[in-house]
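Student: I have not seen this structure before. May we go through it by question and answer?

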Amino acid sequence: MPPFTNLVSDSTLVQETIDLLRLSGGRANASQIVDVVFKVSHIDEELAGLLVSDLIKDDRRFKIVDGNTIELQAYDSESRLLKELDFVVVDIEATGAKMPPNRIIELGAYRISGGRIVDNFVTLVNPEIPIPRFVMALTGITNEMVKEAPLFAEVAPKWLEFVADAVLIAHNAPFDTNFINHEISRVYPGHRMINPHLCTVTLSRRAVPGLANYRLDTVSDHFSIPIVDRHRAGSDALATAEVFIRILERLEEHGVRDLAEARSFRSPDFEANETKFGSAPQLLPLVPGF
């Protein structure tokens with residue numbers, strides 16, 4: 001197991017164990033887990049304990065009690081106050097939208113603590129494959145620029161240390177987080193980041209309804225936030241961080257206190273628009289550096 005607290009197993013068996021524990025009130029004995037998850041019945045309790053211990057070893061989501069009882073640990077990030085949380089706002093540029101076969105070519109991130117930006121992480125990444133011409137035209141990143149850049153395998157440990165237990169924030173978050181986890185799985189097979197994440201596309205739709213669209217340019221312009229170098233990970237991440245800070249201020253004005261409330265928040269104007277016009281979502285293309 002890699003020595004990072006924000007990495008967990010991506011095993012289907014582990015996920016099935018989590019599902020079982022949730023259905024069982026948060027705890028179950030090892031024999032029950034082996035029966036349901038491994039599909040092996042009437043197994044010796046000691047052997048069952050060894051099998052389950054090996055499955056969940058070093059995974060902070062579990063606790064072994066009395067050698068044979070497994071408990072699901074409750075991490076309180078969802079109930080922690082927003083003002084107490086650290087956030088890492090991230091943006092990537094990639095050789096294309098689909099992974100595989102595409103790879104990250106730039107990673108940019110800014111840490112927010114106490115409502116302000118306190119640190120940053122920006123690096124080009126050697127994708128080990130050619131960058132298509134349309135991506136070079138879009139981003140300005142060339143094959144020559146990434147030729148001497150670090151491989152993602154070299155970037156990954158520093159990235160995981162930088163993020164630590166922060167909440168990840170991105171504009172069109174599923175694209176960025178899925179891409180990063182795909183790269184993580186290449187370096188640490190069978191693992192993914194456990195950090196919770198929020199999407200500023202969704203948050204801005206709910207906190208600032210009525211915009212023509214929710215592309216980063218549009219939302220940034222609404223808040224009078226300049227984007228110095230569009231479609232570069234560092235610049236786009238910085239703009240997204242500034243947008244997120246404005247959204248945090250809106251959430252505070254509406255009495256939103258914790259991460260769970262932020263996920264479910266809908267401003268009164270958003271609710272009114274949904275009632276009047278229906279709930280068709282704003283469709284967003286999954287493109288690098290959206």
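Student: What percentage of the contacts in the protein chain with a separation of 6 or more comes from residues 24 or more positions apart?

Tutor: This is a predicted model, and a contact here means heavy atoms within 4.5 Å. Among contacts with a separation of 6 or more, the share from residues 24 or more positions apart is 67%.

Student: How many helices and strands does the protein chain have, and what is its radius of gyration?

Tutor: The protein chain contains 12 helices and 10 strands. The globule rule gives 19 Å for 290 residues, and the value for this chain is close to that, so the chain is as compact as a globular protein of that length. Its radius of gyration is 21 Å.

Student: Why is helix α8 described as largely enclosed by the rest of the structure?

Tutor: A residue counts as buried when its relative accessible area is under 20%. The buried residues of α8 include Thr200, Val201 and Leu203, and Arg205 and Arg206 are also among them. Helix α8 covers residues 200-207 and is largely enclosed because the number of its 8 residues that are buried is 7.

Student: Which helix gives the largest share of the lining of the second largest pocket?

Tutor: The second largest pocket, with a volume of about 360 Å³, is lined by 16 residues. Leu82, Lys83, Leu248, Glu252 and Val256 lie nearest its centre. By class, the lining has 9 nonpolar, 3 polar and 4 charged residues. The largest share, 5 residues, comes from residues 233-253, which form helix α10.

Conventions
Residues are numbered from 1 along each chain as its sequence is written. This is a predicted model: local features need pLDDT of at least 70, side-chain atom pairs count only at pLDDT 80 or more; totals for chains, interfaces and linings use all residues. Side-chain values use heavy atoms; hydrogens and water are left out. Buried means under 20% relative accessible area, exposed over 50%, partly exposed in between (1.4 Å probe, protein chains only). Helices (H or I, at least four residues) and strands (E, at least two) are DSSP runs, numbered from the N terminus. On a 1 Å grid over the protein atoms alone, a cavity is a set of points where a 1.4 Å probe fits but cannot get out, and a pocket is an open set with protein on both sides within 12 Å along at least five of seven lines; lining residues have an atom within 4 Å of a point. Grid points are joined across faces, edges and corners, and a volume is the space filled by probe spheres set on the points. Ala, Val, Leu, Ile, Met, Phe, Trp, Tyr, Cys and Pro count as nonpolar, Asp, Glu, Lys and Arg as charged, and the others, Gly among them, as polar. The radius of gyration is taken over C-alpha atoms; the globule rule is 2.2 Å times the number of residues to the power 0.38.
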